[in-house]
Amino acid sequence: MKISAFWVCIVLLFLAGLGLTHFSVNPYYFNALYVILQATIMAVAWNILGGFTGYVNFGSAAFFAVGAYTSIALDKALGLPLPLLILAAAAVCGLIGLGVGYLTLRLKGVYFAIATLAMAIVIETLVNNWSYVGGARGVYILTPEKHLWFDSYIEMLFVVMLLLTLASVAISRKLNASRLGRGLAAIRDDELAAECAGVPTLRLKLVSTTLMGAMMGVAGAPYPFFVTFVDPLSAFNLFVAVNAIAMPMIGGTAHWIGPVIGALLVGSVQEVVTVTVSSELNVLFVGIMLVLFVTLAPQGIVGVAQRLSRRFFR
Amino acid sequence: MSQVILRVEGVTKRFGGFVAVQDVALHLTAGERLGLIGPNGSGKTTLINCISGALLNDEGRIEFEGRDVTRLPPHQRARLGVARTFQIPKPFRSMSVLENLRVPLEYAAWSRAEHRRITDEAMEILELIGLKHRAGTSSGDLTQVDMRKLELARALAAKPRLLVSDEAMAGLSSSEVDEILEILLALNRRGVAVIMIEHVMQAVMRFSQRVICLDAGRIICEGTPESIVRNPDVQRAYLGA
């Protein structure tokens, strides 16, 4: 059996992550890596609907927050272990993705974008008034005592997040090259032509929103244990949504690797800027990068690389 | 061979108060070549939008191969065997020419395609259409005539029994018109019934076995190409007076 370079990379990256936990590295690095990985999942998830299917979603933060709050509620009610919380968050957010998709996918372009933004506000209002999970005051989460064979809880969270990230990248890559992915690309290029070529556009778009929602829920599920205090203001932070859009745009939306590159690049730079300069400036930085890429290289880094390789290798 | 594959009965389509197509009835037998003509705004494209399902008609009934498809969405009609091209080409721009054909092969024709041979089947179609040398080209970079050919190739990749060609020749030179005409005739020889909407009259005359003329949303006459050009109603519709 032929083992592709991609899967070798995935395994190597995972082993490298595991290895990192065996050295007594400054715990800050695990924090920083966790944030970057979380952003990567969000970017990959956003790109399934925004990049592959061509529907721009401004409501990413809502899916992320619902993932986090699903985790909080089930942890409080049943005390479920983290893997089950992640699965539950995926299911809940997938269903919300399906429902929201069904309600809003008849809208096109700008109207769809506005509808997703409105949805985020509606859900935020609901959570604000749900006192079981803390309402507007927020809620403290105790980090569980157990952290398997890892030295600390953050190391375990980091490995969990690494696994989830690698899985979502693998799913996105598989999707990109599949029959389903081609159907989604056809929808993005021309919805009517896709429909007339036999593509069941509504069903495929629903698959796309469901998958996007589930992945974002997965990204949000471990979040409460990472920050230990969650309130609607931080979970529904617009910056989460902006990042989820900016990263694929900067990396390139048409190819599966685009959001990964964008997230690793922008996420790392954000971390560096936060530590060395200021946490306020990093928002400005993302804004400037986004404007530059949208105007100068609308196909993102992947697009630039493709153009260059075409120029040199023909 | 005279089995009816498409039957349109009393189809009416309104846009607000404007009646674009009014009480149109037509039928098509398997393997037939039908020309659909009429001045601009006479409802030709609206009619084929109703036939392909891009628009739902307000009144009337559309049957394909004995099955009522009036309320079916376009992708289901495509699966049954109704394919169309667009007046303004709509290629999937992010894909290569070959990938453009994979979409209908993998969706509309999925039940009829040999799944392992999708690429081969796509190449065969490109060869027939004369686009084989462009297989790897990005579809957005094609010339106008090649884009029209791609429209036809993509429609053909859906393995249709009825092809509706919406002004595939508008704006092409006469040698290019001949090329497209040759392709349509080749498709028809494979047993595909064709409805051709066209303003290029010399092409309609050569291609059609039967011609229907629409004016202001109604069928004003129907007959052989020769009888149509002599028909006073048709002359009035086109020339005024």
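Chain A contains 15 helices and two strands, where helices (H or I, at least four residues) and strands (E, at least two) are DSSP runs numbered from the N terminus. This is a predicted model, in which local features need pLDDT of at least 70, side-chain atom pairs count only at pLDDT 80 or more, and totals for chains, interfaces and linings use all residues. Residues are numbered from 1 along each chain as its sequence is written, and chains are lettered from A and ligands numbered from 1 in the order in which they are written.

**Overall form of chain A**
- Along the principal axes, the C-alpha atoms of chain A fill a box of roughly 55 × 45 × 45 Å.

**Helices 12 and 14 of chain A**
- Helix 12 (residues 238-251) and helix 14 (residues 281-296) of chain A pack with axes 10 Å apart, at an angle of about 35°; axes are lines fitted to C-alpha atoms, for helices over the stretch in contact, and angles run from 0 to 180 degrees between N-to-C directions.
- Residues of helix 12 of chain A, including Phe239(A) and Ile250(A), meet residues of helix 14 of chain A, including Val283(A) and Phe293(A); contact requires C-beta atoms, placed from the backbone, within 7 Å.

**Contact between chains A and B**
- Chain B gives 23 residues to the contact and chain A gives 19 residues.
- Helix 3 of chain B supplies the largest share of the chain B side, five residues.

Notes:
Contact = placed C-beta atoms within 7 Å.
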